[in-house]
Amino acid sequence: MKIPVMEVFGPTIQGEGMVVGQKTMFVRTAGCDYKCSWCDSSFTWDGTGHSEALHAEEIIEKLKELGGNRFSHVTISGGNPALHKGVGELIDKCHQQGWEVAIETQGSIWQDWLKDVDDITISPKPPSSKMKTDFEKLDFMIQSLAQSNSSLKVVIFNEEDFHYAEMIHERYPNVPMFLQVGNEDVATTDDANLVASLLKQYEWLIDQTISSAKMNNVKVLPQLHTLIWGNKRGV
Ligand SMILES: C[S@@+](CC[C@H](N)C(=O)[O-])C[C@H]1O[C@@H](n2cnc3c(N)ncnc32)[C@H](O)[C@@H]1O
Ligand SMILES: Nc1nc2[nH]cc(C(=O)O)c2c(=O)[nH]1
Ligand code: SF4
Ligand SMILES: [Mg+2]
């Protein structure tokens with residue numbers, strides 16, 4: 001079964017969430033069932049990007065061409081990779097190579113192959129995204145992955161988003177919770193200004209967390225790759 005692939009890149013480091021800092025390759029699939037107002041990867045769904053339908057073996061070959069023997073971890077992101085049944089085959093083939101697999105998804109679509117993933121990041125979207133969380137779907141996913149290595153990651157731009165994250169953490173208290181700084185300017189090439197404002201936002205998010213009695217067992221992180229490379233693609 002073919003998978004629509006937007007880009008394959010790496011080795012780089014995972015800049016976000018539960019395995020931040022992990023050396024990894026990225027496979028970015030095309031298409032999303034959401035349209036977040038601040039999506040930093042909107043080229044995967046807004047028609048401005050180009051995708052290629054590839055078999056799992058072809059993706060494995062691309063990963064080897066790019067990364068040689070300089071990696072042992074692959075992150076599948078998008079768009080929403082859970083749109084694609086064929087990703088299951090890619091996960092199996094990565095495992096056959098001895099590579100670990102991580103996934104980034106928003107929790108809106110279930111696939112049985114999610115249970116085979118080594119590091120699962122579920123990132124429900126706060127009000128600033130303009131998306132609405134389907135809690136029936138999210139409850140099912142969290143419950144189905146209770147025995148897996150899964151985590152929640154909420155991107156936060158403002159106080160309303162922070163309250164949404166508190167509600168998510170209260171609803172799923174046993175799932176490791178990551179709060180992530182939102183990047184308000186996904187187009188700028190002025191890295192110095194971007195980094196300065198992201199660090200300010202990071203400090204604000206830490207202050208919010210310090211003040212909240214509902215957020216005692218959480219981790220607060222920036223997007224590390226954005227601090228290093230700004231809005232550059234393929235890193
Ligand atoms: C591009 S999405 C792809 C995977 C999946 N669609 C999702 O949203 O989880 C990967 C991660 O980037 C985050 N993200 C997207 N735009 C962002 C922005 N402007 N600032 C911070 N994080 C952002 C998403 O919330 C998600 O956790
Ligand atoms: N370095 C790096 N880390 C990331 N973590 C999540 C990413 C994503 O776009 O899903 C991403 C990305 O695009 N680059
Ligand atoms: S769910 Fe993820 S890829 Fe889809 S629009 Fe939102 S941030 Fe972008
Ligand atoms: Mg990204």
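**Reading ligand shells, core and helices**

Author: The shell around ligand 2 divides into 3 nonpolar, 6 polar and 2 charged residues. Keep in mind that this is a predicted model.

Reader: Which residues are around ligand 2?

Author: Thr 12, Ile 13, Gln 14, Gly 15 and Glu 16 are among them. Phe 26, Ser 41, Ser 77, Glu 104, His 225 and Val 235 complete the list.

Reader: How many residues surround ligand 1, and which are the closest?

Author: The number is 20. Asp 40, Ser 41, Glu 104, Ser 123 and Asn 183 are the closest. By type, the shell of ligand 1 has 5 nonpolar, 12 polar and 3 charged residues.

Reader: Which strands each supply at least two residues of that shell around ligand 1?

Author: Strand S5 (100–105) and strand S7 (150–156) do.

Reader: And what surrounds ligand 3?

Author: Cys 32, Cys 36 and Cys 39 are included, with Tyr 34, Lys 35, Ser 41 and Thr 44. Gly 78, Gly 79, Asn 80 and Gln 106 are also in the shell.

Reader: Now the core. What is the general idea?

Author: In soluble globular proteins, nonpolar side chains tend to be buried together. Here, the largest nonpolar core has 44 residues. Val 5, Ile 59, Val 101 and Val 154 have the most contacts inside it.

Reader: What does Val 101 touch, leaving out residues up to four places away in sequence?

Author: Val 74, Ile 76, Ile 91, Cys 94, His 95, Val 117 and Asp 118.

Reader: How should I read the sides of a helix?

Author: An α-helix has 3.6 residues a turn, so residues three or four places apart point the same way. Take helix H3 (residues 135–144): Leu 138, Met 141 and Ile 142 are buried there. They cover an arc of only 95° around the axis, so they lie on the same side of H3. Glu 136 and Gln 143, on the other side, are exposed. Strand S6 (119–122) is included in what covers the buried residues.

Reader: Why does the span of helix H4 agree with its length?

Author: Helix H4 (residues 159–171) has 13 residues, which at 1.5 Å a residue should span 18 Å. Its end C-alpha atoms are 18 Å apart, so the two agree.

Reader: Which residues of H4 are buried, and what do they pack against?

Author: Asp 161, Phe 162, Tyr 164, Ala 165, Glu 166, Ile 168 and His 169 are buried. The buried residues of H4 pack against S7, strand S8 (177–181), helix H5 (191–211) and strand S9 (218–221).

Methods: Residues are numbered from 1 along each chain as its sequence is written. Chains are lettered from A and ligands numbered from 1 in the order in which they are written. This is a predicted model: local features need pLDDT of at least 70, side-chain atom pairs count only at pLDDT 80 or more; totals for chains, interfaces and linings use all residues. A residue is near a molecule or strand if its C-beta atom, placed from the backbone, lies within 6 Å of it. Helices (H or I, at least four residues) and strands (E, at least two) are DSSP runs, numbered from the N terminus. Ala, Val, Leu, Ile, Met, Phe, Trp, Tyr, Cys and Pro count as nonpolar, Asp, Glu, Lys and Arg as charged, and the others, Gly among them, as polar. A nonpolar core is a set of buried Ala, Val, Leu, Ile, Met, Phe, Trp, Tyr and Cys residues joined through C-beta atoms within 7 Å. A residue is buried if 20 or more other C-beta atoms lie within 10 Å of its own, exposed if 12 or fewer, and partly exposed in between; C-beta atoms are placed from the backbone. Two residues are in contact if their C-beta atoms, placed from the backbone, lie within 7 Å. The expected span of a helix is 1.5 Å times one less than its number of residues. The arc is that of the directions from the helix axis to the C-beta atoms.
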